Amino acid sequence: MLQSTSLESFFQQFNEANQKWWQSWVNAVTPATAAIPPGVAPVQGVSPEAFETHSLYYQQQLALWLQLIGAGSGQQLEPEKGDRRFAAPEWELPLFNFLKQSYLLTSKWLTQMVDHVHADDETKARMAFFARQYLDAVSPTNFAVTNPEVLALAVDTRGESLNEGMKKLLEDIQKGTITMTDESQFVVGENLAVSPGQVVFENELIQLIQYSPTTTDVHEIPLLIVPPCVNKFYIMDLKPENSMVRWVVGEGHTTFLVSWKSITPELGHLKWDDYIEQGVIAAAEVVRQIGKSEKMNVLSFCIGGELVSTAVPVMQARGLDWFESLTLMTVMIDHTEPGDIKHFLDPAVVASRELVIDQGGVISGKELARTFAALRANDLVWNYVVNNYLKGKTPPPFDLLYWNNDSANLALPMHTWFLRNMYFDNKLAKPGSFSLCGVPIDLRQITIPTYVFAAREDHIVPWSSAYRTTGIFNGPLRFVLGASGHIAGTINPVSTNKRNYWVNETLDADPQAWFDAAESRPGSWWQDWGQWLAPRAGKRVAAPKTLGSRQFKPIEPAPGRYVKERLS
């Protein structure tokens, strides 16, 4: 075995040789006439720290190899908190520990190299994001021959696990999606979206559901729910124990909900204006007539909140003062910092779609789902690659993940306009910069009471971006921050009393300052919202004995046809 002094001497010589190699490479690629300012790296775009990082990386990789052959020892790197890929004890075996350590070291090195690049913040953020995507993809956990759990299972099953995994891979290739749950265990309308009610109105874009009351009396002002059109509405009505719809109805609110139709080719001409007219305004008009109330409260979620927010100025211009209050759940109005999703937005792709926007078209819901999954690739992609295809296992039944795979298509004109005007040009935060339905849009005109909810770990709508709404709307506004992510933080039933949420009555201009002074409260944020909504829902009156009205008769039982349509 080598003595430690010999190793130290070797590392010193290796470091000197490596620096000389780097310097010779720099000299080779740098023109002799180039003027290099003091303090600037000779290689364009690379800082001096990068050379040291690269040299240290080689030293540490060599140290790992020496440890593997019993010629040295060193510090062991640990995965980031929450990274469960290497949790199995098999990863402590010498060869597989070497693979794990080498991967963690390479991940650390590549991340540091991106940090050392001379570039603007946006470019560095994009480089860091795709470096992480690459590192997630090449993890030794994702390959059969380098994953000891996969190899052990293959031996135990005499190769049947690999055979079964290949079958599942071929099935998913045919479906065009990764199976995240045992889909055989769920049927929409049977054990998902089972809150009783009736479809009381429909057009080519929406069905409107009225839910059956479960209390003898109800608030006189009804509630309209506008979910996102990117996904199916039943995220709001999963199983009875975690259904937000069921809970709201149980609180005594006469509840209506918009069920968006997944766009088919004949509907590919629809624009954002159509989603306002045929979606939000059409639904509100029916609610007003059935509910026999001049006003209604509106609860909106994600892109549904952006549709509602842009509908309000249009309605105000027409004298339609129908909204008593507005609730925005994980809604991004100001797109200054949209989060990691911005790295997938390609101006060239949007520009190419704008050239054919008049011809219409369909944006695949599966394409959108893959994009959202890539934002959390380890949890929503590679985890299932390993479990399903390498281990041949069927994932356990999970209602939320079944919904996640039940995608909906969007109309190309609507989606392209959305990306251009909101993500690229951020026009929602620029009063009067565009018009919808012939009306200039200025969200500063929204003065109705508004409840804004965001989720602290949201990877689709960063909470600090959602907080910016507090500086745009001009009515009484309450901001509440929940724990967890975009879905798990939002769909947090009171009955389970999980997680926590933060409140702060003072709306500081800086979101971090707001959070630092906020009070953490245990349990679901629904209870806070329920207390906020109740006084805005009017007095209690006798619950309706029938659903719909003489003009709007029930068409079919909830959840309706539109939500049951599956993408092929």
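This is a short tour of a predicted model, stop by stop, for you to follow in your viewer.

**Before you start**

Residues are numbered from 1 along each chain as its sequence is written. In this predicted model, local features need pLDDT of at least 70 and side-chain atom pairs count only at pLDDT 80 or more, while totals for chains, interfaces and linings use all residues; side-chain values use heavy atoms, with hydrogens and water left out.

**The whole protein**

Show everything as a cartoon. Of the 568 residues, 52% are buried, meaning under 20% relative accessible area with a 1.4 Å probe and protein chains only. Taking contacts (heavy atoms within 4.5 Å) between residues at least 6 apart in sequence, 81% join residues at least 24 apart.

**Strand 5**

Next, select residues 255–260, which form strand 5. Here 6 of the 6 residues are buried, so the strand is largely enclosed by the rest of the structure.

Strand 2 (residues 206–211) runs antiparallel to strand 5 and is joined to it by 5 bridges. Look for isoleucine 206 opposite tryptophan 260. Strand 4 (residues 223–226) runs parallel to strand 5, with 3 bridges, and leucine 224 stands opposite phenylalanine 256. From strand 4, follow the chain through helix 7 (residues 244–250) to strand 5: this β-α-β crossover is right-handed, which means that, with the strands pointing away from you, the path from the first strand over the helix to the second runs clockwise.

**Helices 6 and 12**

Select residues 160–175 (helix 6) and 377–390 (helix 12), whose axes lie 6 Å apart at an angle of about 120 degrees. Axes are lines fitted to C-alpha atoms over the stretch in contact, and angles run from 0 to 180 degrees between N-to-C directions. That makes helix 6 oblique to helix 12. Among the residues that meet are Gly165 and Met166 in helix 6 and Tyr389 in helix 12.

**Asparagine 500**

Asparagine 500 is found in strand 14 (residues 500–503), and its contacts include Gly482, Ala483 and Pro522.

How values were computed:
Helix = DSSP H or I, 4+ residues; strand = E, 2+ residues; numbered from the N terminus. Buried < 20%, exposed > 50% of the residue type's maximum accessible area, 1.4 Å probe, protein only. Pairing = 2+ DSSP bridges. Parallel < 35°, antiparallel > 145°, perpendicular 65-115°, else oblique. Lists of a residue's contacts leave out its neighbours within four places in sequence.
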